Every structure is written in C-alpha cells, then in structure tokens.
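Open your viewer and keep the selection panel at hand. We will go from stop to stop, with something to select at each one.

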Amino acid sequence: MVYLIIGNGPAGISAIESIRQLDDQGKIIVVSKENNQPYSRIMTPEYMTGEVEEENLFFKGNDFYAHYNVETRLGKIVKDILPEQSMVILNDGEKIAYDKLLIASGSRPVIPSWVNLDIKGVFTLWDKVDSERIKHHLSEVKKAVIVGGGLVGLQMARALTAYGINVTIIEKMNRLMPLQLDETASDMVKQILVKNGIRVFLDTEVVSLETENQEIRGVKTKETDIPADLVLFSIGVRPNLDMVHDTSLELDRGLLVNEYQQTNLVNIYAAGDISQAFCQITGERSLRALWPCAIQQGKVAGTNMAGGEERYQGSIPMNSFQLFGLSVLSFGQIEAKDGVEERIIRYPASGSYQKLFLKEDKLLGLIFIGDIQQAGLLFHKHGKPLQEGYIGNIPLVDVENVYL
Ligand SMILES: Cc1cc2nc3c(=O)[nH]c(=O)nc-3n(C[C@H](O)[C@H](O)[C@H](O)COP(=O)(O)OP(=O)(O)OC[C@H]3O[C@@H](n4cnc5c(N)ncnc54)[C@H](O)[C@@H]3O)c2cc1C
C-alpha cells in the first residue's frame with residue numbers, strides 16, 4: 001500500500017500518525033512545498049521578531065519523518081493530480097503513483113489585486129520563509145501598518161510592538177475579529193491594544209499603497225494617508241486548490257468531503273484548510289482555517305485511509321489566545337438569531353466579559369474575555385443543556401449578583 005500525503009502541516013502530520021497506528025508496513029510518501037520538519041505556523045509572528053528560536057518551531061522534534069518511516073519530497077510542489085492513473089506529477093517532473101492520496105495542501109493569504117508584493121516592505125505572513133524575509137527587513141522598520149484586524153493580524157501587531165515598532169492596525173469592518181467577537185469583546189481587545197501603543201482604525205479601508213523607488217512609504221485610506229516602512233496584509237486566506245482544478249474532484253470553495261474526509265473519488269481524501277467538511281454550527285460543509293480542525297480531520301482521514309473507520313464529528317469554530325496578558329476565547333455560534341438567546345454573565349466593569357449563547361437551554365457558543373477559566377469545561381458542553389443554570393459549579397444567578 002502506498003499512501004501519498006500532499007502537505008506537511010498539522011493535517012498531513014496527524015494523518016501520518018494515524019496511518020502508522022494501523023499500518024506499520026505501508027509506504028508513506030509526503031510531498032511538501034516547504035522544506036522543513038513539521039513546524040507551527042502559529043508561532044511565525046514570534047519567530048519573525050526573534051521571540052521564538054527556530055528550533056522551538058518544530059513541534060514534533062527533528063526526527064519525525066525517520067521515526068514514522070516516511071519517505072519525503074520536501075521543497076517539491078505537486079503540479080498535477082491524475083486520478084484516472086492514481087498518480088501525481090511534481091514540479092521537477094517526478095511521477096508518484098499512489099493507492100491512497102491525502103490532499104492537505106492548506107491555504108494561502110488573500111492579496112488584493114492592486115497590491116504588488118515586489119515592493120520593498122510589503123509582505124504577507126503565512127509561513128516560515130515569510131517570517132524570515134520580514135525578519136531581515138525589520139532593522140529598517142520604525143512604523144508598520146497591518147491591514148486586517150483578524151486573529152493573525154493581532155498576533156503580528158503584538159509581536160512587532162514587543163520588538164519596538166510603532167504599529168497601526170486598519171480594519172475594514174466596525175470591529176476587530178468580527179467573525180469571533182461581538183462589539184463589547186472587540187472593544188476590550190481594542191482597548192488593550194491602544195493601551196500598549198497600537199493605533200487602531202475601524203471602518204477604514206486601505207485603497208492604495210504609497211511607494212517611492214519601489215519601496216513602501218505608507219498606505220492611503222479613503223480618509224487619510226498613514227506613513228509606514230512595513231505593510232503586512234492579513235485579510236484572510238483561501239485554499240491551495242491549483243492542483244485540483246482540472247480534475248474530476250468535486251469542489252465548492254474548498255474540496256468537498258464526506259464524514260470520512262473522503263472526496264467524491266474513493267481513494268482520495270482531503271483534510272485541513274483545503275477541505276470543506278461538516279460544520280456543527282451551520283449543519284453544512286464549510287471551510288475552517290483552524291489548527292485543531294486540521295489535526296482532527298487529518299486523524300480521521302489517516303484512520304480511514306489505513307482501513308479503520310472514524311467519522312468526523314464536525315467542526316466548531318474555536319479561537320483562544322492571549323494579547324498583552326488579556327485572555328480571549330470564543331467558540332460556536334456567537335450571534336443571537338434563529339431562536340438563539342444571549343446571556344451575559346459577567347460585564348466588562350468586572351474586568352472580565354462572559355457571554356453565553358443558548359437555544360432551549362443548550363449551549364451553542366460563548367465569548368469570554370479576561371477570566372476564561374470555565375471556558376474549557378464549557379467547550380465540552382457544546383450542544384448540551386447547561387445544568388440548571390450553572391456554569392461548571394458556579395450558579396449563574398450568583399455570578400450576576402456579584403458582577404452586575
Ligand atoms: C501567523 C498564524 C497564526 C495562526 N494562528 C492560529 C491560531 O491561533 N489558532 C488556529 O486554530 N489557527 C491558527 N492559524 C491557522 C493554522 O495554522 C492553519 O489553519 C493550519 O496550519 C492549517 O493546517 P493544514 O495542514 O491544513 O495546512 P498548512 O499548515 O497550511 O500546511 C499545508 C502544507 O502544504 C504544502 N503545500 C501547499 N501546496 C502544495 C503543493 N502544491 N505541493 C506540495 N505541497 C504543498 C505547504 O507548503 C504546507 O506545508 C494561524 C496561521 C498563521 C499563519
């Protein structure tokens with residue numbers, strides 16, 4: 001049996017681990033555009049500014065491929081997949097035949113059509129090489145603009161501020177992390193950024209770049225000009241689908257998969273950012289560019305590829321991070337609509353903000369800022385009734401009396 005894995009991100013890596021649990025004889029080949037041992041791209045902002053050393057990026061150590069007896073083609077790109085011949089073709093012309101194929105090629109940043117990444121000082125940050133390229137430029141940087149106030153944009157802003165750079169975040173929507181936070185939570189996040197010297201423009205759109213001799217000088221919004229010697233775009237990602245466009249694989253916004261992470265072609269699976277898999281919130285198949293979803297989907301794909309049987313339970317969007325000491329966590333549905341009610345149990349004046357989203361007493365989502373201790377416990381209660389008005393062992397009514 002030959003298992004071919006495209007991509008060595010968390011989805012590909014967890015698939016390899018699952019395959020090896022069931023099959024220690026089959027041949028596993030991994031092809032990856034990136035020439036690395038498996039690493040955490042979540043830490044690339046800290047790596048960019050030197051807060052994290054290179055060796056600490058490699059979350060599986062330095063001998064992952066040897067340990068799991070995996071043949072590698074690192075620094076190689078899959079150009080074409082030929083499902084009729086059960087074969088892929090690499091950029092150097094090599095043809096690799098497979099019995100089972102996993103496509104786990106992840107996503108890449110969206111770049112507006114008017115942005116030229118050849119201009120000195122203009123970047124996106126998605127992988128290790130990006131962070132190294134930005135790192136080489138940092139000694140010349142005093143002012144940075146980050147376009148996009150999502151999770152990745154905020155992580156970059158924190159890292160650059162800690163490095164001593166003046167940072168401005170520009171967000172087109174009326175709040176930061178609009179997909180994960182409500183206005184109150186977003187405002188608390190904004191306050192901590194501002195307190196740490198970061199300027200935040202909401203409801204503001206960057207319309208062009210200011211350049212001189214192919215070097216960045218700043219950005220133009222509809223209202224004003226903002227000078228900068230570094231501009232980072234972080235306005236979302238899209239799946240790396242180039243290699244599947246001319247195949248009979250079923251596509252929507254990503255590669256459509258069933259509950260076994262299997263595509264419409266029986267011996268081809270997909271997992272991670274590229275796969276459009278079942279979502280517990282919408283009940284539909286959605287893209288979900290999140291590390292834990294990639295791990296879980298890779299595990300399901302690997303198990304099924306190696307002859308086991310495991311179904312993907314469906315994604316629940318979940319984000320958790322720390323920003324200048326402020327803990328932020330949200331999961332599930334965070335909008336009060338279609339019969340979903342919201343219940344605030346701690347207000348910002350208490351130093352923390354905690355809001356639940358409930359439907360017929362079942363917990364569908366939450367936003368916690370500050371004190372997030374109970375959130376882990378509550379994640380496991382998603383879709384279940386909360387016990388008689390309690391969060392963990394704290395009666396909701398007491399919490400309200402204390403903090404209202
Ligand atoms: C700065 C940053 C911060 C983040 N923070 C968080 C966070 O806090 N929480 C969270 O849940 N998620 C976070 N994410 C997102 C998370 O990292 C991704 O969702 C996750 O890495 C997706 O895993 P994947 O295996 O699907 O793809 P990836 O990790 O993108 O790996 C895909 C692999 O496929 C390879 N590849 C692509 N095309 C080809 C090709 N044609 N041929 C061969 N190889 C190819 C790539 O080189 C890459 O190695 C963050 C991402 C970044 C960049």
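In which loop does Asn213 lie? Select strand 13 (206-212) and strand 14 (215-221): Asn213 is in the loop between them. Helices (H or I, at least four residues) and strands (E, at least two) are DSSP runs, numbered from the N terminus.

Before moving on, two notes. Residues are numbered from 1 along each chain as its sequence is written. This is a predicted model, in which local features need pLDDT of at least 70 and side-chain atom pairs count only at pLDDT 80 or more, while totals for chains, interfaces and linings use all residues.

**Loops**

Stay with Asn213 and look at its backbone: phi is near 50°, a positive value in a residue other than glycine. Asn213 is exposed, with 7 other C-beta atoms within 10 Å. (Buried means 20 or more other C-beta atoms within 10 Å of the residue's own, exposed 12 or fewer, and partly exposed in between, with C-beta atoms placed from the backbone.)

Now select Asp361, in the loop between strand 25 (353-359) and strand 26. Its phi is near 70°, again a positive value in a residue other than glycine. Why does Asp361 count as exposed? Because it has 12 C-beta neighbours inside 10 Å.

Next comes Gln373, in the loop between strand 26 (362-369) and helix 8 (375-379). With 13 other C-beta atoms within 10 Å, Gln373 is partly exposed.

**Domains**

Colour the chain by domain: domain 1 (2-108 + 237-305), domain 2 (111-233) and domain 3 (333-401). These bounds come from an automatic or database domain assignment. The C-alpha centres of domain 2 and domain 3 lie 32 Å apart. Their contact takes 6 residues from domain 2 and 5 residues from domain 3; residues are in contact if their C-beta atoms, placed from the backbone, lie within 7 Å.

**Around the ligand**

Select the ligand and its surroundings. There are 36 residues here, the closest being Gly7, Gly9, Ala11, Gly106 and Gly272. (A residue is near a molecule if its C-beta atom, placed from the backbone, lies within 6 Å of it.) Elements that give two or more residues to this shell include helix 1 (10-22), strand 2 (27-32) and helix 5 (151-163). Domain 1 and domain 2 both give residues to the shell, so the ligand lies between them.

**Nonpolar cores**

Show Ile146, Ala157, Val189, Val231 and Leu232, the residues with the most contacts inside the largest nonpolar core, which has 61 residues. Such a core is a set of buried Ala, Val, Leu, Ile, Met, Phe, Trp, Tyr and Cys residues joined through C-beta atoms within 7 Å. Helix 5 gives the most to this core, with 7 residues. Zoom in on Val231: leaving aside neighbours within four places in sequence, its contacts are Gly121, Val122, Val145, Val147, Leu209, Ile216 and Val219. Another core lies apart from this one and has 37 residues, among them Tyr98, Ile268, Cys293 and Met305.

Strands pair if DSSP finds at least two bridges between them. Strand 18 runs parallel to strand 20 (residues 275-278), joined by 2 bridges. Click Leu256 to see one end of a bridge; its partner in strand 20 is Gln276.

Technical notes
Two residues are in contact if their C-beta atoms, placed from the backbone, lie within 7 Å.
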